[in-house]
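Please work through the following exercises on charged side chains with the sequence and the model at hand. Each task is followed by a solution in steps.

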Amino acid sequence: MKLTRGFLFFVFSLLIGVSPLYAVGVEVGILGYELFLKEVKTQKPNEIPGWDLGLGRMGQNFQNSSYLNRVSNESMFVGLKDKNKKDKIVWDLEIKLTTGRETGLNPFYLGKNHFLGYETSKFLFGIGRREHLFRPKAFQTGYDGGEGAFIEFLPSSHLTLQFFLWDRYSGAVLFEKDRFHSFLPDVLGEEESKLEGSQPNKNKRSHHRRHSFGLVYGEYFTLRLGLQYLELGNFGRNTRDSPRETKASGADGDSLVTGNLGLGMDLEILNLQFDFLWAKGNDRTSSKMAAKPNSIPISGEALQMGAELRFGDFLFRSSHFLSDREERNTKNQIIRDGFVFLGAHPAQTPYLSQIFRIFPSAAVTESGFERNFALKEGRCFGYLTELVLQFTYGEFVAKLVGSYFLPYKLSGQTDGRISFQKRDFEVFFIGEGLLELSFKEESSFELGLGFSNLFLPESMGIKSNFGYVFGRLQI
């Protein structure tokens, strides 16, 4: 209640305290959804050993029972959105305040950009959230950005340099990528919390220090280069700090360095994108799966590729992500970890990107550094592809999206390299199809609905479909 009153006072003061030319836009939005999750016993042998619904004991209980869960809910947000400048002061503001924890959402969400800065013809200094201009561009809704202080230099019209001096990294969470994330734990978390005698923390979010540098060169043909350093510390389930070293220096040396080198071509009807990504670091862990006691080196690579064809009112896009995997010895112990993903989930279909949120590699999210093989909150190495077919007629937009994830095999000796061989992947896949229809009037009004269906191997015994409606009005 105090937050709501403070927000309303903030909006009111902006609207009456700023000249009409620089007034802040206010938007309101609604969101409703309904999920059917059906679990049925099957007599077929399990073709996916090692995979389960989740990591806790609830995963086993889920597969040993038979039931149908129907979940429906609705939420609302009020937001501020404005982009403008006065003299050399520039601002790009976007923030949404939601109905909060009772709907599984964070109290507020920042947009892709939310900063206040000082700008000249060749220089921009800002405080707040700023999108990484050098991030990979293969996926239509891919995103990463820094939250802190940044500097941008523009030596020429075709060259941009970005320096993120300080960044409180917490997974680059966006409302569009988080709105369906939390309600499935509400379905399964009650039973699991009874077993464990505790209440699940639905809004746990951590921050750790990150520094980034990147450049983008070109206009129609572009070259991009990015480099990031992240201090892991005890950020996540798979890290472990040394108390003595943490007390002395703030961390025990767990860190991650990632980079990307990309090429892009953006013409009138054709867009092509390619990025090579890499990650190096060290993970101090107590896992018995580590070949070297108390430590697993991180050294991995991944590829991202995307192509978009625009022809009249039609748009077709094909996006692909392929990571390497961990290197294992004959005892199935991990010698070296594979690629680690940073930023928001690259896909846009609800199940893969939010409800189950399966990343196609290890990842550092708002919960920290994670790697696991599970249907719920999976962080597993493999191949992810997304196909988008979109038709626009005036203000009407119809979108058909298909996503497909094929993980690497769980067990056996591996060399840790990127593989294109079928024998190195599991015999099953996780797929999803989405149909979304919407009516959009420029940027001031939007109303739509979506329907998604999940495709899993029959031996897993899970069937599910999901529907949602959404609306937004900017005043």
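This is a predicted model: local features need pLDDT of at least 70, side-chain atom pairs count only at pLDDT 80 or more; totals for chains, interfaces and linings use all residues.

Residues are numbered from 1 along each chain as its sequence is written, and side-chain values use heavy atoms, with hydrogens and water left out.

**Exercise 1.** State how many salt bridges a search of the whole structure finds.

Solution. Step one is the criterion: a side-chain nitrogen of Lys or Arg lies within 4 Å of a carboxyl oxygen of Asp or Glu.

**Exercise 2.** Are E366 and R357, which meet in a salt bridge, buried or exposed?

Solution. First, the N to O distance between the two side chains is 3.0 Å. Second, the classes are set by relative accessible area: buried is under 20%, exposed is over 50%, and partly exposed is in between (1.4 Å probe, protein chains only). Third, E366 has a value of 9% and is therefore buried; R357, at 7%, is buried as well. Elsewhere, salt bridges with shared partners link E27, E94, K96, E176, K440, E446 and R472 into one network.

**Exercise 3.** Classify the accessibility of E308 and of R310.

Solution. The closest N and O atoms of this salt bridge are 2.6 Å apart. E308 has a relative accessible area of 8%, so E308 is buried. R310 reaches 22% and therefore counts as partly exposed.

**Exercise 4.** Describe the pair E94 and K96.

Solution. The two side chains form a salt bridge at 3.3 Å, N to O. Both E94 and K96 are buried.
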